[in-house]
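Okay, thanks for coming, everyone.

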Amino acid sequence: MSIFLNNEFDCMLTDEMKNAIYQAISQSEKAKINIYLIGGIVRDLILKNQIKDIDIAVEGDAVCFAEKLVQHLNCEIISAQENLRTAKVKFPSGIEIDFASTREEQYLDSGMLPVACNFGCELEKDVKRRDFTINTLALILTGDEKFKLIDYFDGYGDISNKQIKILHDKSFIDDPSRIIRALKFKKRFDFEIEQNTSSLIDEYLNNINKNMPLERIKNELRQYFSIKKQNIYGEVIKTRAYKLISDNPVQDFNYSRLLEITDYELIDEKDIWFIFICLLLVNDNYHKEKLNMTAFEIKVLDEVNELLSEKNIKLNDNERIYKLYINKIDLSVAIFYILTGEKSVIKFLTALKQIKVLITGKDLINLGFIPSKYFSELFDKILKEKLKGKLTKKEDEIKFVQKFLKKQSR
Ligand code: CTP
């Protein structure tokens, strides 16, 4: 039985999206090249999820196709990958569409990036390179059967049965980042990982290729940990998917502490994913090196480790607490709290962090001090007093430093 998704196409895409796609269709019909909506967009049309990205497969050369769109319409190529024959095109309405030549892929070395070949091949060959059946669906755009679903692997059935299923048994060996993708789709759509797929994940995790590059895995973890649902971390521990990047992760963490610390505005929502990565990596220097971390990410991890090494030192003195946290990145302090529940963090955030010396260098000069390195010593002395709860007003600080003025003039 043929399935057509005209209704879904009509109802779920904006007018701008539909117009851009129709412009591409008209170009494909002129050029007699078949184009298809492919992958995530078709899956999301069936699931009636919001459509974010539009991917079109071109049974031909997608870069040439994009150049034609530029020639005939007021389109712009924003980026192109010549080696993969893909192009991102911006339409006059601002809508962007990714065009990719159909292709086959060969994994010459397990876990490494595949080698692409046979560009412009038949659609069936292209979908065979993909990860899960739910991502193999295509929608005909060119010719008389517009919006007819092409489904070589019963992806439609798997979407209906909420199943995540790989296409072949070597899929995770070829590309272990698909393990995180499976968890991502499971959590995002409330699907189940089909039994054989789940066994193959287990099998791979028992026998990990330690030489694989971890960048794609990090990228998938970033997407996975950005899903706003409970227990996303727990799932990575329970399934042992953490083994892809860590031998010794924090096994369980206190979710309520994460919620508690968000109230103090230390964490930007876009950094939440990185908190979970830190929980995986905090005990594991070896993998940290391989994850192509940014300087900021490395600094946060180092600071968290530094704070952890001070964990058992009694932190009951305000000055000590202040000095420990004041120059640390907010995110590091937040992660330290999530890991340890260390009460001094809350004391720092609620009572100490705001303490500032009120007088300035200019004030000191007006009082008769001669500018020197001694200024910073003075500021430090004032701060120490303030941390004891003294010198709350600027006048108190002035009175306090005046004692030292006498000494300096002696
Ligand atoms: N793909 C794959 N293996 C990967 C990554 C991607 O086979 N490791 C394939 C999938 O078939 C996917 C397509 O490439 O449909 C495009 O990848 P991506 O844009 O990441 O997938 P989407 O399904 O669009 O996912 P999302 O909704 O998260 O953007």
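Let's start at N318: leaving aside its neighbours within four places in sequence, N318 is in contact with K347, L352 and L387. Keep in mind that what you see is a predicted model. On the screen you'll find N318 in helix α16, residues 318-325. And what does the side chain of N318 do with the side chain of K347? The two make a polar contact, at 2.9 Å.

Now for a pair of helices. Two packed helices get described by the angle between their axes and by the distance between those axes. Take helix α15, which is residues 295-309, and helix α17, residues 330-340: they pack at an angle of about 45°, and their axes are 9 Å apart. Because of that angle, α15 counts as oblique to α17. As for handedness, the crossing of α15 past α17 is right-handed.

Who's doing the touching there? From α15 you get F296, V300, E303, V304, L307 and L308, and from α17 you get L331, S332, V333, I335, F336, L339 and T340. If you sort the residues in this contact of α15 with α17 by class, you end up with ten nonpolar, two polar and one charged.

Next, have a look at a second pair. Here α2 and helix α4, residues 62-72, pack at an angle of about 105°, with axes 10 Å apart. So α2 is roughly perpendicular to α4. On the α2 side we have Q23, A24, Q27 and S28, and they meet F65, K68, L69 and H72 in α4.

Is S28 buried or exposed? Its relative accessibility is 0%, so S28 counts as buried. Not counting residues up to four places away in sequence, S28 touches I33, I35, F65 and T142. With T142 there's also a polar contact, side chain to side chain, at 3.2 Å.

Another buried one is I41, with a relative accessible area of 2%. You'll find I41 in helix α3, residues 40-47. Skip the neighbours within four places in sequence, and I41 is in contact with L13, I51, D53, I54 and D55. And if you look across to V58, 17 residues apart from I41 along the chain, the C-alpha atoms of the two are separated by 15 Å.

Last stop: backbone angles. Most residues other than glycine have a negative phi. So what about N118? Its phi is near 50°, a positive value in a residue other than glycine. N118 sits in the loop between β7 (115-117) and α5 (123-127). At 35% relative accessibility, N118 counts as partly exposed.

There's N231 to look at as well, with a positive phi near 65°, and again this is a residue other than glycine. Where is N231? In the loop between α10 (215-225) and α11 (232-238). N231 has a relative accessibility of 46%, so it counts as partly exposed.

Definitions and conventions. Residues numbered from 1 in each chain as written. Predicted model: local features only at pLDDT ≥ 70, side-chain atom pairs only at ≥ 80, totals over all residues. Heavy atoms only, no water. Axes fitted to C-alpha atoms, helices over the stretch in contact; angles between N-to-C directions. Helix = DSSP H or I, 4+ residues; strand = E, 2+ residues; numbered from the N terminus. Parallel < 35°, antiparallel > 145°, perpendicular 65-115°, else oblique. Left-handed = near helix turned anticlockwise from the far one by under 90°. Contact = heavy atoms within 4.5 Å. Nonpolar A, V, L, I, M, F, W, Y, C, P; charged D, E, K, R; others polar. Buried < 20%, exposed > 50% of the residue type's maximum accessible area, 1.4 Å probe, protein only. Polar contact = N/O pair within 3.5 Å; in protein donor to acceptor, adjacent residues only side chain to side chain.
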